[in-house]
Amino acid sequence: MGTHELDAKWMGAAVAEAEKARPSPNPRVGAVVARGDELLGAACHERAGEDHAEVLALRRAGEQVKGATLYCTLEPCNHHGKTPPCVDAILAAGIKRVVIGARDPNPHVPGQGVERLRQEGVEVTLLSEHRAASDLIAPWAKYITTGVPHVSVKLGLSLDGRIATRTGASRWVTGEEARAKVHELRRERDAVAVGIATALADDPRLTVRHVPGESPVRVVFDTKLRLPAESKLAATALDVPTWVLTALDAPAAQEEALAKLGVRVLRVPKSSEGRVDVPAGLRALAELGVVSLLVEGGAELVGSKLATQAADELHAFIAPLLLGPRGRPGAVDWAGPDTPADAPRIRLPRWELCGEDVYARGPIDYPAPR
């Protein structure tokens, strides 16, 4: 097996390691130590504050590590944080070559891992922003460079674009498999958000139940602070963190009532339309460590994310049924584009069956203003 094939094989293994990790607000990173076709050690950065993937992989490789190759999904750090620099550990171990999937985009840390390694005589190979490695850090890269979370939008709709019948019935438009996939999406993110209209109409729990894993922080965009104390979200706030983004002038008495139940109220300015300002709300969430956010509805909240180009990724579940023109409005409520050419769209969409539903997903591209 040639060098190119070995690099692809072991970087794929490092990516698989990284996918096991949930270290937010740190990035997901995996590392593999190998000598030719022989695996010597592998690890991921499991939790923030614990050893980084490179250090763990080197430790697991043991005495065989000298002269071997280290594969890292992300450029090794060359700065002191909660842990010492990984570059120091790599140099001390006697690694001969380091293969890197993605450069570190963090503008806040001094020192470059690649340059330091090369200065010390280590051969470094960059895999030209390896797509899988870059995808791993996409949420963190946006968070660390812009100060706002990476936003994924989830839609569940009928073939004719409706989310409920004319009577308002919406359980269930999509099938069990789609609902399980949504719970996977929740599990993989720091927070899940809905608008107050959805919270009032559906009284959701927004927890992870259909798959193993921990529930994310639950967020409600609620300009007038209307979330009822008896709602499932408020009533279970001591069990699952529940935050409400509201306006600066929202009622203080309602904040006090919700706070007694464990709900955290975050006040931000209003937009020109009189709603919670989306950019301000996202910054407030990022300041509390939310790197990745899943927006599940309603239509106005999803529309605001598209209108402000805050949505980075779309997950759409399309059910094989028709709810009719008198059904509830579509899954997205916004002014929309003037022409199809001006419309945001999924870049390189991935399509698959999810039970009887069609599941389309991928990053969102916004056309440049003309």
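1. Which residue forms a salt bridge with R267? The partner is E255, with the closest N and O atoms 2.7 Å apart. A salt bridge here is a side-chain nitrogen of Lys or Arg within 4 Å of a carboxyl oxygen of Asp or Glu. R267 lies in strand 10 (residues 264–268) and E255 in helix 9 (residues 252–260), so the pair ties together parts 12 residues apart in sequence. Helices (H or I, at least four residues) and strands (E, at least two) are DSSP runs, numbered from the N terminus.

2. A note on the basis. This is a predicted model: local features need pLDDT of at least 70, side-chain atom pairs count only at pLDDT 80 or more, and totals for chains, interfaces and linings use all residues. Residues are numbered from 1 along each chain as its sequence is written, and side-chain values use heavy atoms, leaving out hydrogens and water.

3. The whole structure holds 23 salt bridges. One of them joins D88 and R116, whose closest N and O atoms are 3.1 Å apart. D88 sits in helix 3 (residues 86–93) and R116 in helix 4 (residues 113–119), so this pair links parts 28 residues apart in sequence.

4. The largest nonpolar core has 36 residues. Such a core is a set of buried (under 20% relative accessible area, 1.4 Å probe, protein chains only) Ala, Val, Leu, Ile, Met, Phe, Trp, Tyr and Cys residues joined through side-chain atoms within 4.5 Å. V33, L70, I95 and V98 have the most contacts inside this core. Helix 5 (residues 131–146) gives the largest share, six residues.

Methods. Buried < 20%, exposed > 50% of the residue type's maximum accessible area, 1.4 Å probe, protein only.
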